[in-house]
Amino acid sequence: MSDLDEAIELHQAALLLCPPGHSDRSSSLNNLGKCIRQRFQQRGIIADLDEAIGLHQAALLLRPLGHSDRSSSLNDLALSLQDRFQQRVIMSDLDEAIELHQAALLLRPLGHSDRSSSLNNLACSLQERFQQRGIMSDLDEAIELHRGALLLLPPGHSNRSMSLNDLACSLHHRFLQRGIISDLDEAIELHRASRTDLSAAKLWAASADILNHESVLLAYKVALKFLDQQVALLSSSSHHFDIIREAVSSLATDAFSCSVRRGELTTAVELVEQGRAVFWTQLARFSTPLDELSGSGDIGMALAEEFKRLSFCLRSAFHQSTEDRSPQIRQLTMQWDGVITRIRMLPDFSRFLLPPLFSDLQKAAVDGPVIVVNASQYGCDALIVRNTEDPVHVPLDITQAEVSEFSSDFHTLAEQFGCSSDTQLKLIGILRKLWNRVVDPIVQALRESNVSPASRIWWCPTAEFTLLPLHAAGPYERKKKNLSDIYISSYTPTLTTLIRARQQVSRDGTSQHFVAVGQANPVNGRELKCVASELAAVAEHVPPTVSFTSLEDAEATVENALKKLDNNQWLHLACHGMPKRKQPFESSFAMRDGPLMIKDIIRSNWQNPQFAFLSACHTTVGDEKSPDESIHLAAAMQFCGFRSVIGSMWSVDDEVARQVVSAFYSNFIDDSKRLDCTRAAVALHKSVKSLRKEIPLEQQIVFVHIVLY
């Protein structure tokens with residue numbers, strides 16, 4: 001039982017001891033109503049809210065005009081009705097809430113300690129009604145009430161920031177209705193002064209971007225800082241993922257666009273990096289290497305141990321995915337933040353777990369340029385990040401709406417692959433458009449930057465660009481080269497991911513351990529007829545110097561697969577891939593006894609993983625509404641430490657997979673008979689090239705290489 005549940009039981013017991021006529025009955029009703037409303041706010045059970053409203057109504061009846069607590073009862077009932085309006089959108093609840101707030105305000109004259117909160121509550125209710133009915137007088141009155149509340153909250157008051165933000169939001173809404181620039185100017189200055197939370201900072205950034213206000217980049221930086229704080233409190237539950245989906249929205253991509261438009265190219269890279277893949281970034285922090293900290297002295301060693309302990313607790317809480325753990329996560333996060341603050345006070349650790357600077361991110365391009373391709377409501381751009389020079393800006397003559405339509409058309413077509421004879425012509429048409437509007441201008445800039453043909457390049461797409469096969473773009477005409485004829489493409493979800501993969505030391509030693517897992521007959525899944533022959537092809541190419549294990553059919557269960565991955569650094573997985581776009585942490589590989597889910601994979605603590613070939617469908621497919629989070633099966637493997645991963649962007653033909661796999665391992669393993677994950681991208685490139693005349697175009701381009709070399 002939680003503390004709140006226990007408090008409710010105690011209040012219920014107290015109410016039984018306060019029968020009708022008892023002098024404390026109204027207080028007991030009100031206290032119980034408050035607690036039950038609080039439980040609704042935590043768990044979302046509407047019956048709790050209905051009960052709270054009934055209790056507050058009963059309490060109000062016992063507090064007639066002249067009663068000292070009547071204004072409190074009016075306020076509590078109004079707030080509960082507002083909550084119910086948010087759930088059911090019944091206007092009578094909102095209208096009644098406004099009447100109750102007006103009555104409470106009359107009982108709180110100038111000098112009353114609660115007048116400012118009463119002004120604010122009434123203003124918020126009126127603004128909500130304006131948003132429903134569009135009556136400008138409601139919004140005008142809300143603004144005046146917010147101004148009145150702010151006058152009663154001098155600098156230093158605990159509620160002043162919230163009041164500044166509420167007034168700013170109302171002014172922003174009025175600007176959208178009437179277009180009066182002075183309203184927007186005032187809103188920006190109020191947001192700048194308040195800096196209360198993520199939603200306020202996002203509104204500040206949006207307002208400042210409209211006016212090209214000098215505070216706009218500061219607004220985006222503040223918003224991204226709040227985003228970082230918010231994600232630290234969440235778990236892998238679908239509810240919390242929805243919160244992040246809403247919070248992230250287009251924040252990072254808009255920040256990138258704003259920075260580019262203002263000529264701040266290095267800032268653009270820093271901000272887009274900070275605001276994408278935030279779940280993976282937070283989880284990676286729990287596994288931060290602490291060798292340098294531990295070796296810095298006794299204080300550093302003690303802080304490293306405390307950081308490790310709290311990180312373990314937070315990671316465990318993240319995986320438990322229950323809403324009731326939120327208070328515990330909040331407490332642990334406060335302790336964790338405290339330890340980080342103390343670590344940053346040590347010499348040489350001032351930037352511990354702070355977002356990376358461009359000088360750090362530039363290291364991602366040490367083996368070839370990284371191209372950030374960004375889609376924002378304000379425009380589309382690419383930045384070519386180079387190892388020792390400034391980024392190169394490539395403006396793209398395409399809008400975000402066009403990219404979104406482009407992506408939608410492509411995925412509609414992808415669902416028809418293998419079912420219709422004219423899909424190849426349609427696919428070529430899309431790849432030509434992608435070349436002309438996006439990739440060709442980038443290729444021209446790469447040539448001007450002296451990036452030699454046959455060089456490695458890494459794509460780091462954002463927003464809707466993550467859903468498009470940039471690596472396959474080309475004119476598809478005789479005597480003209482497609483991208484794959486010019487450069488060898490890989491992908492990375494973020495620059496930090498690429499840097500982290502390169503920093504992981506490959507402990508080759510004397511023995512290498514390879515496991516091939518194949519599941520042709522999963523529970524509740526159709527049979528895959530070529531899995532056995534695919535695993536046989538893998539076994540044929542793996543040299544005898546490598547310890548090789550095959551796990552097939554009845555043995556390929558969730559538990560057995562996880563156990564094998566504890567002892568093997570090299571993985572080939574042939575099975576069904578099962579993406580779950582609405583609950584991405586439940587995306588899975590289909591084993592004999594059930595799904596091997598992302599949340600199972602990321603709980604693992606595998607030692608020195610090197611390379612994974614995911615021969616399954618949709619392994620790089622995440623949630624279409626939040627593509628920048630990159631929560632998909634291939635990303636889960638990266639998070640677990642695999643330095644190099646091959647995955648698929650759509651459905652893979654069973655027989656084609658066998659052919660590609662056989663050709664891949666033939667190119668992957670050279671005369672040294674040693675496995676080397678740095679050869680994966682080139683091996684995939686060569687194998688697909690060798691099969692061009694044998695397999696259809698959509699199957700030539702379905703597999704992509706992610707992260708390392």
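Visitor: What should I keep in mind before reading the features?

Guide: This is a predicted model, in which local features need pLDDT of at least 70 and side-chain atom pairs count only at pLDDT 80 or more, while totals for chains, interfaces and linings use all residues. Residues are numbered from 1 along each chain as its sequence is written, and side-chain values use heavy atoms, with hydrogens and water left out.

Visitor: At what angle do helix 27 and helix 28 pack?

Guide: Two packed helices are described by the angle between their axes and the distance between the axes. Here helix 27 (residues 654–668) and helix 28 (residues 680–690) pack at about 130°, with their axes 8 Å apart; helices are DSSP runs of H or I with at least four residues, numbered from the N terminus, and axes are lines fitted to C-alpha atoms over the stretch in contact, with angles running from 0 to 180 degrees between N-to-C directions. The two helices are therefore oblique to each other (under 35 degrees counts as roughly parallel, over 145 as roughly antiparallel, 65 to 115 as roughly perpendicular and the rest as oblique).

Visitor: Which residues of helix 27 and helix 28 meet?

Guide: From helix 27, Val660, Ala663, Phe664, Asn667 and Phe668 meet Ala680, Ala683, Leu684, Lys686, Ser687 and Ser690 of helix 28, where contact means heavy atoms within 4.5 Å. The residues of this contact divide into seven nonpolar, three polar and one charged (Ala, Val, Leu, Ile, Met, Phe, Trp, Tyr, Cys and Pro count as nonpolar, Asp, Glu, Lys and Arg as charged, and the others, Gly among them, as polar).

Visitor: How many salt bridges does a search of the whole structure find?

Guide: Side chains of opposite charge can pair when their charged atoms come close. The search finds 34 salt bridges, each being a side-chain nitrogen of Lys or Arg within 4 Å of a carboxyl oxygen of Asp or Glu. One of them joins Glu559 and Lys563, with the closest N and O atoms 3.2 Å apart, and both residues lie in helix 24 (residues 558–567), four residues apart, about one turn of the helix.

Visitor: Is Asp600 buried or exposed?

Guide: Asp600 counts as buried, at 19% relative accessibility (buried means under 20% relative accessible area, exposed over 50% and partly exposed in between, with a 1.4 Å probe and protein chains only). Its salt-bridge partner is Arg603, the closest N and O atoms being 3.5 Å apart, and Arg603 is partly exposed at 40%.
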